There are 2 protein chains.
Amino acid sequence: MKGGFLRLLDLVEAGHAIDASKNNVGLLKGLHIVISSPDDTLQYGIDESYDLYIPSNGDSVYAHLKAQTVYGALHGLQTFSQLCRFNFITKTIELQRAPWSIADEPRFSYRGLLIDTSRHYLPLPTIKKVIDAMAYTKLNVLHWHIVDTQSFPLEIPSYPKLWNGAYSGAERYTMADAAGIVDYARRRGINILAEIDIPGHALSWGIGYPQLWPSPSCQQPLDVSNEFTFQVIDGILSDFSKVFNFKFVHLGGDEVNGSCWETTPHIKDWLHKHQMNASEAYEYFVLRAQEIALSHGYEIVNWEETFRNFGSKLSPKTVVHNWLDRVGGGLVQKAVAQGLRCIVSNQENWYLDHLDATWTQFHMNEPLTNITNPDHQKLVLGGEVCIWGETIDASDIEQTIWPRAAAAAERMWTPLDQLARHPREVRGRLSRFRCLLNQRGVAAAPLSWLGRDVPAGPGSCYNQLYNYIVQKK
Amino acid sequence: MKGGFLRLLDLVEAGHAIDASKNNVGLLKGLHIVISSPDDTLQYGIDESYDLYIPSNGDSVYAHLKAQTVYGALHGLQTFSQLCRFNFITKTIELQRAPWSIADEPRFSYRGLLIDTSRHYLPLPTIKKVIDAMAYTKLNVLHWHIVDTQSFPLEIPSYPKLWNGAYSGAERYTMADAAGIVDYARRRGINILAEIDIPGHALSWGIGYPQLWPSPSCQQPLDVSNEFTFQVIDGILSDFSKVFNFKFVHLGGDEVNGSCWETTPHIKDWLHKHQMNASEAYEYFVLRAQEIALSHGYEIVNWEETFRNFGSKLSPKTVVHNWLDRVGGGLVQKAVAQGLRCIVSNQENWYLDHLDATWTQFHMNEPLTNITNPDHQKLVLGGEVCIWGETIDASDIEQTIWPRAAAAAERMWTPLDQLARHPREVRGRLSRFRCLLNQRGVAAAPLSWLGRDVPAGPGSCYNQLYNYIVQKK
């Protein structure tokens, strides 16, 4: 909490020097913070609410912040910091338009952002800056898509040759690095959802252990017929459970093409022996991986293809992660009707690497579209914006995420009946928020019709010109 | 110095956790630093040399760093940090290819980068990150083009309405902020060259003091006929001298169009009375401003148009700042032949906002082109790469500066006879340096044929694909 308070001071000052001699003239005496629960465990579903009362300027009294948990209090501090402005004439910090009386809590308990460290390695300082800005927008889950076809950057102590699949000797994370990320995020109220995407999207696993490939010439999905495959998954999830202490682990399961299984002789024989075709083997693989995850105490997130193909077989502890189906298109409705939980990341509106997805699409994308039954609504845990890494590295990640992700964050936090009905009610506020991000050192792009646009000409951040050119994705 | 050493440790670790239990196994015991001069004043022309000796790995002995000044020692620490690599297997820091014996010093004493805070405001954290990365490339002057036609962001205590010309109430720097930037840069061995660009490029001055304009409808250059104009310049330079303690101040002087002077009745009368035309008034203005700067203890930098138009009249304490003339095109030769000093920023090769200026152009641009007389060569103080702000703000400045500026930095540091003769000798090294910048949290772009390019597909930083598309400047 002390760390959170010191960070607040840094944010409010934004580098400007305060005139300390004026500290007691017509200003707040301080901020009283009361936190009810002594438990500072960060877990899915904790109380994130807070009440903030700020008296009028000049009262020489205290502001008050109350919260059930330290994480609710961090959100309250974040709000407090965003009501402060440095006054360049008096050199003091002013609270805008006080008095304020704010009772606040999120609409959705899961408000995520996905990063992808397989298509490009993201250095640790880059990941930390993403986490910093997530806290400014009250997002609370960093979905770390660690591994994919292209590279395996993370150390797995149980199977130490796995990260032979890293791009290079330098583009790696130790398990201690991962623990550092988990701790850094926790201090900002953010959980880490670790993902291994199996059985497809896992070619890089076989660089260190080629027996995980169907054959040297047909390298994915992971060999379903080999017990070693499941031993490795068990080892990874065992190692994960010591560091990634979020309630959920993500097991992927998307875009599985079983042709290598059908054409590789020893797997073809295995399928025949077990009376399975490739689709059935895909189901067998995913369900067995789910069992392993459950045995390590995790609940499971899987991409929507698993539900589409064998939804009735999934563990009741599965969260279905939508990405293909358009918002309100039926997939989420079916999953919650079956009693499964869902996260919404429909790509047409919430994929940040789609530069032509506008900030208005990010803002207007409603996870509860066409879901009216209150019991079903409760099963939609929230949503997640995704920045897949094919064209994203340390040089362009910030300006591709921000400010569009902030538009989605507002959708996920704000009560439905208080949300703007039209983007024109949002533009000014989001534009100013982009300037706030810039002042805090985040390279958020101008609020344009394109992601990652650049300024078209001189001007104030608060009245920014932007280009209409189409940049290559 | 202690700060420099702690920063070094942060850089070397790049966020990775060191295994402390291994700290004494086959590693250096430490680094001995000997600095000859107790004077830690940072000024133009100080000794920046250093000698670094690193024994072979495993010797359990000390490395040695010797320097005349603390700023030479900081360069030595920077070199040391760039020889270190985190070993992901042993979790220790390794020194690459030791032993090393390095005797190093810069070829040019002025190695600059220009930023422009008038066309877009740059937040303080953004400026600090630019300074951080300058230190990584051993650049030693940040040329701060503070004010221009579009906005006047800096507080001037003597004339407090000047920053009414800021874009907004927030897009401002207090003089305490400026002092903070000077100090932050000094601790990294970097001087700040402050600029007021007069008499053109100064429209924003008149927002607070309209009497500085020729008339409300013809707003620049500054009114040459009004004594108040020179009082304001004197006030600014007086305020500057308390904070900007570099030997030089930049007085601009480029792109002056005197038509407002010739058409505004009271100035037309004044010209007539003083028997001047607009060109002569331009000379009068610049020379009078030079006198004011000299009276405050500054030597002067002026853009090349001043030399082109009345070079023989300039103070001998003038440094001519080239930008229009192509490298080796004659301007610099003429100025040094006249005994004036020069800085080279020829736009075709060293303007970073020109996205089509390639890294090879940045690297191959030789300030001494066609200057063979050793006495004349000494008058070329060095060079400066410039990132003008029309299309540059907090969202795109880092990836537009880096890595191209690093290519110019190598040109300015390295002895001429040791410089690469062909870009192919540079590509690998510069490419790896870009990855180092990324690891340190700097958003340096892929080494492409364009500035600010983005990755075209997945891959290692060390083998990065890039686009060939033309992005809008």
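User: Where is the place of Pro403(A)?

Analyst: This is a predicted model, in which local features need pLDDT of at least 70, side-chain atom pairs count only at pLDDT 80 or more, and totals for chains, interfaces and linings use all residues. Residues are numbered from 1 along each chain as its sequence is written, chains are lettered from A and ligands numbered from 1 in the order in which they are written, and side-chain values use heavy atoms, with hydrogens and water left out. Helices (H or I, at least four residues) and strands (E, at least two) are DSSP runs, numbered from the N terminus. Pro403(A) sits in the loop between helix H15 (397-401) and helix H16 (404-413) of chain A.

User: Which residue does a cis peptide bond join to Pro403(A)?

Analyst: That residue is Trp402(A), and omega is about 10°.

User: In what order do the four strands of the open sheet in chain A stand?

Analyst: In general, strands of a sheet pair through backbone hydrogen bonds, either parallel or antiparallel. Two strands count as paired if DSSP finds at least two bridges between them. Here the order is E1-E3-E2-E6 (chain A), with mixed pairing. Strand E1 (30-35) and strand E6 (100-104) of chain A are at the edges with a single partner strand each, so one side of each has no neighbour in the sheet.

User: Is Lys138(B) buried or exposed?

Analyst: Buried means under 20% relative accessible area, exposed over 50%, and partly exposed in between (1.4 Å probe, protein chains only). Lys138(B) is buried, at 10%. Its phi is positive, about 60°, although Lys138(B) is not a glycine. Arg97(B) also has a positive phi, of about 50°, but is exposed, with a relative accessible area of 70%.
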